[in-house]
Each structure stands twice: as structure tokens, then as C-alpha cells.
Amino acid sequence: MTNWDIELFDCFSDIKVCLISCFLAPCQLAVQANAIEGKEDIMHWVLACCCSFCCAVVVRGRIREKYNIDGDLLRDVVTVCYCACCVITQQTRELDARGLKPAGLFMQA
């Protein structure tokens, strides 16, 4: 198991991603879900808009599984509850750092 390459509270080091993640969280989550799946799926947008919390937890778990990152569902739930904006920013930057494009809104493919 590995750790996240991007620290959770390193969210302000890329202010553009941070602001997008805070103010357009459902959209950012849908883009992340689509990137992980490797295809556009309208259900990601529906889930992100209807229940951003659930979507954030699911996407975080998928990122952990894909990259063998240490953690579990309980930690994901607590982390998303504690600071959702930092979580979404971390996930976006992590996907980008690992080469998954586009990792978030307004990021190059």
C-alpha cells in the first residue's frame, strides 16, 4: 500500500484547483469519476449533483483502489465530512500527478 502523493491540507498550493473544487464541487467530482472510469457517464453527473457527499466518498475509494492507496471506507467518510473541499482538491491533484487526464474541470486533457 502507498500513501497519497498530494497531502490533504496542501489544497492551497494550486489555488485554481482549490477554488474550482470548492465552488463547483459536484462538477469536479463528476469529471473525476469519468476520468477514473475512462468514459463519460451521465450517471456520474446525476450522482454528483444529487448527492455530492456520497459521490465524493465513492470517488475517493475508487482512487484508492486504482492506485493501491492506504485507507478504508470509514476514513473516507470521516475525511469527506471533515473537509470536503480539501478532499476534492487533493483527489483532482492526485489524479493529475498520476497522469490521469483530464483530472478536473478546466484542466488540459
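The sulfur of C55 lies 8.3 Å from the closest cysteine sulfur, in C51, and is therefore too far away for a bond, a disulfide being a pair of cysteine sulfur atoms within 2.5 Å. C55 is buried, with a relative accessible area of 2% (buried means under 20%, exposed over 50%, partly exposed in between, with a 1.4 Å probe and protein chains only). The model is predicted: local features need pLDDT of at least 70 and side-chain atom pairs count only at pLDDT 80 or more, whereas totals for chains, interfaces and linings use all residues. Residues are numbered from 1 along each chain as its sequence is written, and side-chain values use heavy atoms, without hydrogens and water.

By the sulfur cut-off, the number of disulfides is zero. C27 is in no disulfide either, the nearest cysteine sulfur, that of C49, being 5.9 Å away. With 26% relative accessibility, C27 counts as partly exposed.

C55 also takes part in a helix contact, which joins P26, L29, Q32, A33, I36 and E37 of α2 to S52, C55, A56, V59, R62, I63 and K66 of α4 (contact means heavy atoms within 4.5 Å). Of these residues, eight are nonpolar, two polar and three charged (Ala, Val, Leu, Ile, Met, Phe, Trp, Tyr, Cys and Pro count as nonpolar, Asp, Glu, Lys and Arg as charged, and the others, Gly among them, as polar).

Helices are DSSP runs of H or I of at least four residues, numbered from the N terminus. The axes of α2 (residues 25–37) and α4 (residues 52–67) come within 10 Å and cross at roughly 30°, the axes being lines fitted to C-alpha atoms over the stretch in contact, with angles from 0 to 180 degrees between N-to-C directions. The two helices α2 and α4 are therefore roughly parallel (angles under 35 degrees).

Technical notes
Angles under 35 degrees count as roughly parallel, over 145 as roughly antiparallel, 65 to 115 as roughly perpendicular and the rest as oblique.
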